[in-house]
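Hi,

Here is the structure I promised to pass on to you. My notes on its aromatic rings follow below.

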Amino acid sequence: MSGPAKCLAVAAVLFSILYLGGCARPRPDRPAFPWQEQHARVLPQGELEWAPRPFQFETGETVRYIDYEGGDDNNPGTRERPWKHHPWDENAEANAAAAEGVDTYVFKRGVTYRGVLRAQESGAPDRPIRLTSDPDWGEGEAVLISSERITGWRRLTAEQAPRHMPEPEKVWYADIGTDYFPRGVWAVIDGEIERIHLARTPNWKVSNPDDVNSEWYVWEHCERTTPEDIGASRVWAVDSENLAGLEEDALVHATVWSEFAGVMGTPYPNPIEAYDPERGAIRFAGPWSDTSRYMPTIHNRYFLENDPRFLDSPGEYWYDGIIEYPERLSLEDPEPEKVWYADIGTDYFPRGVWAVIDGEI
C-alpha cells in the first residue's frame, strides 16, 4: 500500500474510533431538574400518553408553611403557625417578607392561594427551592392562582338593565371596577370548572375541530372607505341577513372578530365604529390600524361579541366598560332566582374570573 493510501486508511480508523467513542459517552442516570425529565410516553400508534412521575413529598433543610386562609405573616412560618403569604408575593409582610434562604415552601392542601409570586432568589442542583404540599397537612389540592374572586352578585331588574338586553330578569351582575378588563371568566358548577365566554352572536361552538370558525356568520360584501372624521381607511362589511333592521345606535362599541384576506384568513378583533341598519353593515378598522393593506372580503367569516343584546343564553357574560355602566359584569343564568351580581367599580377590567363552589375552583 502506498504512503498516501496508508495515511487515508489510518485516518479512517481514527475517525471511526472517535465517532464510536463519542456515541458511547456516559450520560447521567437522572436529569438534574424535574423539568428535564420525560413526563409522557410514545404509544405504538405514535400518540403521546401523559405519564408523570408520581408525587413525592420532599423537603430541604429549611421548611416554611403557608396557609393563605388561616396564616399570618407575623407567625414564624411553622406548620402550627404558618404564614399567609409567600415571601415572593408583594403583599407579604413582617416575617414572611423578610425571609431569606428558605429552600422548601409547603402550601396547605385544600386552600387556594391568590397572588403573584415573582422569584427573587435561585436554588441549586443540590439544593433546589421547592414549592410543594404535604399530603398530611390539609385535604384536597393546594392551588396557586392569580385570579380575582368576584363577590357581591345581585340580581338585575328590568329598570336597571341596559337597553336591548333580551331577558334581564335572568341576569345577575357585579360591579368590578375598571382596573382590569375581564378577558377570561370561569365558574365552578357542580365541582367542574367551566369557561364562560363573552356574550356573542352567533352563539357558536367548535362543532368542527378542523374548521373552528365553521359556525360564524359570512360577509356578503365588503368595501373600503375613508371617513373624514378619522382620516384613515376603514371597511364597511355587509351581512343583510343577520345585521339589518336594528336601531341606529345598535352594535356600536361591540367587538367584531373578522377573518381578513391577505393574512391567510386570520381573525382579528376590532371595535365597531358605525352601523348602517338599512344595509346591515358595520364599519371597523384593519388588523393593526387602517385597511389600506388588509381588509375582509366576500365569504370571510365573523362574529360579534360583548353587547348586552347578545346576552341571551346561559354560560355567557357581558362587561360594560363604555356604554351605560362602566364597571358592570353581567352573567346569564337560566334560572333568574339563582343569579347574583356585584359592583366592582371602574379601576380595572377583569381579565380572568373564577368561582369557588364547595371548595372547588
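The charged end of Arg-279 sits over the ring of Trp-236, at 5.5 Å from its centre. Likewise, Arg-195 is placed over the face of Trp-186, 4.4 Å from the ring centre. A charge sits over a ring here if NZ of Lys or CZ of Arg is within 6 Å of the ring centre and within 35 degrees of the ring normal.

Please keep in mind that this is a predicted model, where local features need pLDDT of at least 70, side-chain atom pairs count only at pLDDT 80 or more, and totals for chains, interfaces and linings use all residues. Residues are numbered from 1 along each chain as its sequence is written, and side-chain values use heavy atoms, with hydrogens and water left out.

Now to the ring pairs: the structure holds 15 aromatic pairs. Rings of Phe, Tyr and Trp (its six-membered ring) pair if their centres lie within 6.5 Å; planes under 30 degrees apart count as stacked, over 60 as edge-to-face and the rest as tilted.

One of the pairs is Tyr-68 with Tyr-113, which is tilted, with 4.9 Å centre to centre and 55° between the planes. Tyr-113 has 2% relative accessibility, so this residue counts as buried (under 20% relative accessible area; exposed is over 50%, partly exposed in between, with a 1.4 Å probe and protein chains only).

Trp-288 and Tyr-294 make an edge-to-face pair, because their ring centres are 5.7 Å apart and their planes at 75°. Trp-288 counts as exposed at 58% relative accessibility, whereas Tyr-294 counts as buried at 18%. Both belong to one aromatic cluster, which also includes Tyr-217, Trp-219 and Phe-260.

Best wishes
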